[in-house]
Amino acid sequence: MTFEVPESPLAASMLGLLAGGWVAQAISVAARLRVADQLTSGPRSAEEIATAVGVHPPTLHRLLRALSDVGVVQEREDGLFAGTPLGDLLRSDVPSLRGYALMIGSWFHREAWNGLEHSVRTGEPAFAHVHGRELFDYLRDHPADGETLNEAMLALSGEFLAPVVAACDFGPGESIADVGGGHGAVLAAVLAAHPGTRGVLHDLPQVVADAAGGPLHEAVAAGRCRMISGDFFDSVPSGCDTYVLCHIIHDWDDDRAVQILANCREAMAPGGRLLLCEGLLREGPAPSRMKWLDLVMLVITSGGLQRTRSQYEALFQRAGLHPTGVPAQGPTFAVLEARPR
């Protein structure tokens, strides 16, 4: 006789939550190996995929069968593995979230999370505690990790941020400065959606140097976009009509955030405006992905945090700007508009 012992639903739920780190790392490894690329032409065996990407076949099989349980690949009855719409988000030959997956599994990012308890106990940055320096100082000495972060932001921008900013109204002839714009995914989307506009991409010299061959290459070739390097804590390009700050201000504490906003306020042309694209924390206890992104800011930045709309508007006021509305809203990110007071 066999006796069935019921499983505790709460314990099963907790085990599922605790496995989240394992799942993220497994997805990151699959992204690094370009497994999704190998499945675009149809189902293949683990051995075929392993031979193509240069890894140990039995071990890749173990990875793939686990990923099949979360929908990243499909394990078929004939033993082959097939691609899925979810797994296609890890492809390297199309715009995808592969860059973000690579960052999540990278050593510098995962090690920083080991300092979460230190941050909660002390309020101090986890990244600096683990790595001995702030994130952006670390990245200057580790360019490969810096490129991993840039690719992650490019993936995030293309999938989530660019469509929201591009939905805003931009008039013919309007000049748009994308401040801290990385490789230019957001600005490229805006220029494509509004053919009469012109753009300026502003970021650190090492970032701008790598951006010319990225999403903005057509706009640059057409004379619609300029690249200007610099540090937004010192100044930003002057005389533009609209200044876009996309997923930038959440990296910084209030004082440094106000400094960036004030520099944009000082630089803009008469009648200009600022568009701030960020994920907004909701007021109250409602569930929100931004609560987890807020913990990411705690772990990897020095003072960064997710904010509510009212908190961002308070920063506007300190920087000499007046909030004037929300010109675009997506499921995850929103654009807040502000103009000089």
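This is a predicted model: local features need pLDDT of at least 70, side-chain atom pairs count only at pLDDT 80 or more; totals for chains, interfaces and linings use all residues.
Local features need pLDDT of at least 70, side-chain atom pairs count only at pLDDT 80 or more, and totals for chains, interfaces and linings use all residues. Residues are numbered from 1 along each chain as its sequence is written, and side-chain values use heavy atoms, with hydrogens and water left out.

An unreviewed UniProt entry lists "domain: O-methyltransferase dimerisation" for residues 17-90. Such annotations may be inferred rather than shown by experiment. This span is 53% helix and 8% strand (DSSP runs: H or I, at least four residues; E, at least two). Its end C-alpha atoms are 22 Å apart.

Helix α5 comprises residues 57-68. The end C-alpha atoms are 16 Å apart, in agreement. Leu60, Leu63, Leu64, Leu67 and Ser68 of α5 are buried (under 20% relative accessible area, 1.4 Å probe, protein chains only). They lie on the same side of α5, because they cover an arc of only 135° around the axis (directions from the axis to the C-beta atoms). Their cover includes α2, α3, α4, β1 and β2.

UniProt, again in an unreviewed entry, gives residues 113-321 as "domain: O-methyltransferase C-terminal".

Helices α11 (residues 143-166) and α12 (residues 185-193) have axes that come within 8 Å and cross at roughly 35° (lines fitted to C-alpha atoms over the stretch in contact; angles from 0 to 180 degrees between N-to-C directions). Contact (heavy atoms within 4.5 Å) involves residues including Leu154, Gly158 and Leu161 of α11 and Val186, Ala189 and Val190 of α12.

Conventions. The expected span of a helix is 1.5 Å times one less than its number of residues. Buried means under 20% relative accessible area, exposed over 50%, partly exposed in between (1.4 Å probe, protein chains only).
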